[in-house]
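Here is a short briefing on aromatic rings and their surroundings. Look at the structure first, then read on.

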Amino acid sequence: MGQYPDAELKLAPMLAGLNNVTKNYKGMLAGFDRTDVVSAKRELESELAAWIADDEKRAARYGTALDELRDLVAREQRNRERDLYWSVARRWSMLRAASRLYRLAHERLKPDMERKPGYQERDMRRMRHSLERMQRTYDRRVDRLVARDRIRMYATLPADKRVAVFDRHFGIGADGLDESKLDRALDAMYATTKLEDLDARLGWMDAPVEAFEASEDPFIRLAVALYPADLELEDEDETLAGLFDEARPRFMEALIAYQRSRGQPVYPDANSTLRVTTGHVAGYQPRDAVRYEPFTTLEGLLEKETGVEPFDSPELLLHAIRAGDRGPYDLESLGSVPVDFLSTVDTTGGNSGSPTLNGRGELVGLLFDGAWESLLSDWYYEPERVRSIHTDVRYMLWVMDRVDGAHHLLREMGIEPSFVAR
């Protein structure tokens with residue numbers, strides 16, 4: 001971002017998202033290196049196969065369940081690199097917006113309930129907001145650099161894994177990428193497009209298919225040209241997903257029966273449904289001679305202060321800590337106000353902001369992160385290391401009361417402020 005400092009604020013959300021994804025993958029890989037989870041999973045699979053084969057009824061019911069899943073996984077893996085690189089090659093603002101708008105024109109030819117999710121009438125406000133948000137997050141110079149980098153990455157795929165229309169447009173041939181042609185194509189597209197204008201983008205939301213196909217806008221024209229290939233790949237993905245949906249229940253039925261025969265439960269898979277996870281407040285020891293206590297405190301926050309992100313707290317907060325004003329939010333066993341606490345609950349990406357309740361159903365915190373060593377928990381739960389991080393409700397109340405003076409909000413919650421309003 002040093003090349004375009006004025007774009008840094010616009011792109012901060014994207015950079016934060018990329019950093020979070022990178023951290024997540026690094027944590028998972030570190031977890032795989034630290035544990036023998038792959039061997040453990042394979043051993044369980046072998047034991048399950050032997051248990052099925054050992055009984056005629058089980059063999060008749062579940063005999064092909066494992067082989068069906070193995071075949072589907074192998075089929076998915078064959079195209080994983082292609083799907084990843086193709087998705088990356090198209091995820092830059094202008095082409096993504098044009099493609100979504102053209103897809104909307106096609107979806108609007110169908111009855112509302114037959115449209116793809118994301119293109120029904122109930123989704124229009126969200127789509128409109130997304131197109132408007134581009135005004136705050138889009139920078140032509142950076143978007144062009146992102147497009148160029150991602151197209152170059154895509155061009156490393158074998159020819160039979162690429163999309164011919166896309167290749168012709170950007171000069172990707174049998175001998176690889178012609179970077180000069182790529183640069184000329186991108187320069188021409190950004191120089192002549194009207195989609196950078198908010199009113200122009202919003203106007204396309206109501207345009208018919210024929211208007212897109214007659215358009216001279218370069219991004220619209222490319223979106224129209226790519227549409228058949230997009231549908232073909234989408235159909236392929238949906239067919240494979242459907243086969244997985246048919247195969248997994250029989251495998252899970254076999255696994256549950258096998259674990260039940262051993263007196264053991266099956267750990268539930270996350271499936272985007274609302275659920276509750278339980279656990280206890282607990283610290284942990286990630287490695288030899290290192291231990292993290294279950295609570296952090298106001299004084300600990302002060303000790304970590306460096307004045308540099310992420311340890312650059314507001315001066316008003318630091319002053320309140322130094323003043324020692326804890327009010328009724330002090331935890332006697334800690335001798336301070338608890339800021340964050342660790343727990344053994346199993347959480348994952350998307351759970352941030354979830355309420356944390358105690359055994360009496362009282363709000364005691366908000367989940368906001370997981371410990372570095374917990375990132376493997378999407379694949380394997382380690383009781384001794386998996387820890388979620390929660391902001392303690394006492395710290396939230398202390399900040400509202402002592403630092404922010406949000407006394408009207410406290411009273412709305414039925415809490416009488418302890419500090420005199422400034």
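Does Trp 86 count as buried or exposed? Trp 86 counts as buried, because its relative accessibility is 8%. (Buried means under 20% relative accessible area, exposed over 50%, partly exposed in between, with a 1.4 Å probe and protein chains only.)

This is a predicted model: local features need pLDDT of at least 70, side-chain atom pairs count only at pLDDT 80 or more, and totals for chains, interfaces and linings use all residues. Residues are numbered from 1 along each chain as its sequence is written, and side-chain values use heavy atoms, without hydrogens and water.

**Aromatic pairs**
- The whole structure holds 16 aromatic pairs. (Rings of Phe, Tyr and Trp, the last by its six-membered ring, pair if their centres lie within 6.5 Å; planes under 30 degrees apart are stacked, over 60 edge-to-face, the rest tilted.)
- Trp 86 and Phe 166 are edge-to-face, because their planes stand at 90 degrees, with centres 5.0 Å apart.
- Trp 86 is in helix α5 (residues 80-89) and Phe 166 in helix α9 (residues 164-170), 80 residues apart. (Helices are DSSP runs of H or I, at least four residues, numbered from the N terminus.)
- Phe 166 has 0% relative accessibility, so Phe 166 counts as buried.
- Trp 92 and Phe 219 also pair edge-to-face, at 5.9 Å and 75 degrees.
- Trp 92 and Phe 219 are both buried.

**Charges over rings**
- The charged end of Arg 58 sits over the Trp 51 ring, 4.0 Å from its centre. (This needs NZ of Lys or CZ of Arg within 6 Å of the ring centre and within 35 degrees of the ring normal.)
- Arg 402 lies over the face of Phe 419, 5.8 Å from the ring centre.

Conventions:
Helices (H or I, at least four residues) and strands (E, at least two) are DSSP runs, numbered from the N terminus.
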